[in-house]
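Me: I would like to learn how to read a protein model feature by feature. Could you take me through one slowly, giving the general idea before each case?

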Amino acid sequence: MIPDVLVQYDTEIIQAIGETFIMVGASVVAAIVVGLPLGTLLYMTHPQKPMENKLLYQFCNTLVNIIRSFPFLLLVVFCIPLTRLIVGTAIGTTAAIVPLAIIAIAHYARLVEQSLLDVPKGVVEAAQAMGASRWQIMTKFVFVDARSSLILSLTTSIVSFISYSTIMGVVGGGGIGDFAIRYGYQQFKTDLMMYMILIMIILVQCIQLAGTFLARTLDKR
Amino acid sequence: MIVLENVHKAFGKEVAIHDVSLHIPEGAIYGIMGPSGAGKSTILRMMNLLEKPDSGHVIVGGRQLTTATTLQLNAARKSIGMIFQHFHLVANKTVYDNIAVALSLADVPKKEHATRVAEVLAYVGLEAHAKKYPAMLSGGQKQRVAIARALVTKPRVLLCDEPTSALDSNTTSGILQVLAQIHRDFGMTIVLVSHEVAVIKSMCTHVAILEQGAIYKTLDITPTGITASDNTAESFVRALQEDHV
């Protein structure tokens, strides 16, 4: 039933899937904990928004642009000194989390900004007319209106994080992508590589389906 | 009740409001009208400082808004209700939540929300729609929800920015009847911006006519009252036939 090649490498495959989950999971946490507030700051300091601040907006905007301009492989290499500083080593799954978290934060922050900018201006005006503070404008109005878009953006981001995680083999980060290249491509086990690609397709499909379902359920527009 | 003193506003080089002074007495239904681009909405939005004047003063209920801190301004806004042309409801909140959020912002204890929302929904005739989302309502119903949201905190002033411009004539008369009822029942000061002469004539006791960002004339008038409408297809037929007689 289960192909022999998968049985032969079952321990390595399970380990690779685990590594992918760790790397992507950490990226998602970074995106939500830091990327969401950063995207919110970008929105709030945007021209004609509740906390308009040209200097702060330009600083955050440029920072996000610079990070997103890097080809990811170069970002990984560029981050090695910082990675060493934070986790004490530049090699392994834990070390791989640092560049992944950085790109995850920048990636999701931009998508959050765009989602929030889609909230009708009138909703914010109505909130202001009711005497809402900036915090209340965001939590009781803007996030509520943008919630399905924020979920779809996170879904898109997670799929990108999975793709980014496949590159982490260069710093010994492991993961499904790295396993597919080392065991499948480099050892001429094309069938093994194809099975790894299939696992990634299934993973992406599941995430996209779940994200779309949740967003549709919450979207009452 | 509402005093604007020499307010001036420019957007870049374009002067929107030029040295306007206005005194709106307590309990009045005050109309502001004029052609497109005359500055009607800008003047109205200055009354709760959604639009901050470049110079001049805005005083509402004795409170000087132009020099107020953010906290003071937010507090003052809680006693100034506002409704908009395009309703500005939160699409992902139910009718109940759209109204309850105003109570929550006004620090009304949560245990009072259900009763207060039910009262105000019954007042605007939407008691059966509390669990619906705005997308499930007609334009007139959405505006009634917006009125309920503005009314639920019992403000002393209600600012209405072209509240009927996005509605058909039958729905318009329904909304105007609700506003007139609010004025009768609560003695609220209502400021009504409209480009429709019929709307102003039917409702207002005072009118300011604007042109190119300045007051062209102010008038005291006697409201003619709102013509009731049965809001049926037959009423459209009758209206069309009357026009052809």
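**Reading helix pairs, burial and salt bridges**

Reply: In chain B, helix H3(B) passes helix H5(B) in a right-handed crossing. Please keep in mind throughout that this is a predicted model.

Me: How does one describe a pair of packed helices, and what is the angle between H3 and H5 of chain B?

Reply: In general, two packed helices are described by the angle between their axes and the distance between the axes. Here helix H3 (residues 95-105) of chain B and helix H5 (residues 139-151) of chain B pack at an angle of about 25 degrees, and their axes lie 8 Å apart. Because angles under 35 degrees count as roughly parallel, H3(B) is roughly parallel to H5(B). On the side of H3(B), the contact is made by Val95(B), Asn98(B), Ile99(B) and Ala102(B), while H5(B) brings Val145(B), Ala148(B) and Arg149(B). Sorted by class, the residues in this contact of H3(B) with H5(B) are five nonpolar, one polar and one charged.

Me: Which residues of H5(A) and H6(A) meet, and at what angle do these two helices pack?

Reply: Helix H5 (residues 80-87) of chain A packs against helix H6 (residues 93-117) of chain A at an angle of about 120 degrees, with the axes 9 Å apart. That angle makes H5(A) oblique to H6(A), and the crossing of H5(A) past H6(A) is right-handed. From H5(A), the residues Leu82(A), Thr83(A), Ile86(A) and Val87(A) meet Thr94(A), Ala95(A), Val98(A), Pro99(A) and Ile102(A) in H6(A). By class, this contact of H5(A) with H6(A) has seven nonpolar, two polar and no charged residues.

Me: Let us turn to burial. How many of the residues of helix H7 of chain A are buried, and what covers the buried residues of H7(A)?

Reply: A residue is called buried when its relative accessible area is under 20%. Seven of the nine residues of helix H7 (residues 121-129) of chain A are buried, so this helix is largely enclosed by the rest of the structure. The buried residues in H7(A) are Gly122(A), Val123(A), Val124(A), Glu125(A), Ala126(A), Ala127(A) and Ala129(A). What covers them includes helix H2 (10-45) and helix H8 (134-165) of chain A, together with helix H1 (40-46), helix H2 (70-77), strand S6 (80-83) and H5 of chain B. Just after H7(A), Gly131(A) takes a positive phi of about 85 degrees.

Me: Which residues other than glycine have a positive phi, and are they buried or exposed?

Reply: Two cases can be looked at here, one from each chain. Phe188(A) has a phi near 55 degrees, a positive value in a residue other than glycine, and its place is the loop between H9 and helix H10 (190-218) of chain A. With a relative accessible area of 72%, Phe188(A) is exposed. Asp107(B), also not a glycine, has a positive phi of about 60 degrees, and it is found in the loop between H3 and helix H4 (110-123) of chain B. At 63% relative accessibility, Asp107(B) counts as exposed.

Me: How should I read salt bridges, and how many are there over all chains?

Reply: The general idea is that side chains of opposite charge can pair when their charged atoms come close. The count comes to eight salt bridges over all chains. In one of them, the side chains of Asp178(A) and Arg182(A) meet with an N to O distance of 3.1 Å. Both residues lie in helix H9 (residues 176-185) of chain A, four residues apart, which is about one turn of the helix. Asp178(A) counts as buried at 8% relative accessibility, whereas Arg182(A), at 39%, counts as partly exposed.

Me: Where in chain B do Glu26(B) and Arg156(B) lie?

Reply: Glu26(B) forms a salt bridge with Arg156(B), and the closest N and O atoms are 3.6 Å apart. This pair links distant parts of the chain, 130 residues apart: Glu26(B) is in the loop between strand S2 (14-24) and strand S3 (29-33) of chain B, and Arg156(B) is in the loop between H5 and strand S7 (157-161) of chain B. Glu26(B) counts as exposed at 56% relative accessibility, while Arg156(B) is partly exposed, with a relative accessible area of 43%.

Me: Which residues are joined into one network by salt bridges that share partners?

Reply: Begin with Glu51(B), which forms a salt bridge with Arg45(B), the closest N and O atoms being 3.2 Å apart. Both Glu51(B) and Arg45(B) are buried. Salt bridges that share partners join these two and Glu125(A) into one network, and Glu125(A) is one of the buried residues in H7(A).

Note on methods: Residues numbered from 1 in each chain as written. Chains lettered and ligands numbered in written order. Predicted model: local features only at pLDDT ≥ 70, side-chain atom pairs only at ≥ 80, totals over all residues. Heavy atoms only, no water. Axes fitted to C-alpha atoms, helices over the stretch in contact; angles between N-to-C directions. Parallel < 35°, antiparallel > 145°, perpendicular 65-115°, else oblique. Left-handed = near helix turned anticlockwise from the far one by under 90°. Contact = heavy atoms within 4.5 Å. Nonpolar A, V, L, I, M, F, W, Y, C, P; charged D, E, K, R; others polar. Buried < 20%, exposed > 50% of the residue type's maximum accessible area, 1.4 Å probe, protein only. Salt bridge = Lys/Arg side-chain N within 4 Å of Asp/Glu carboxyl O.
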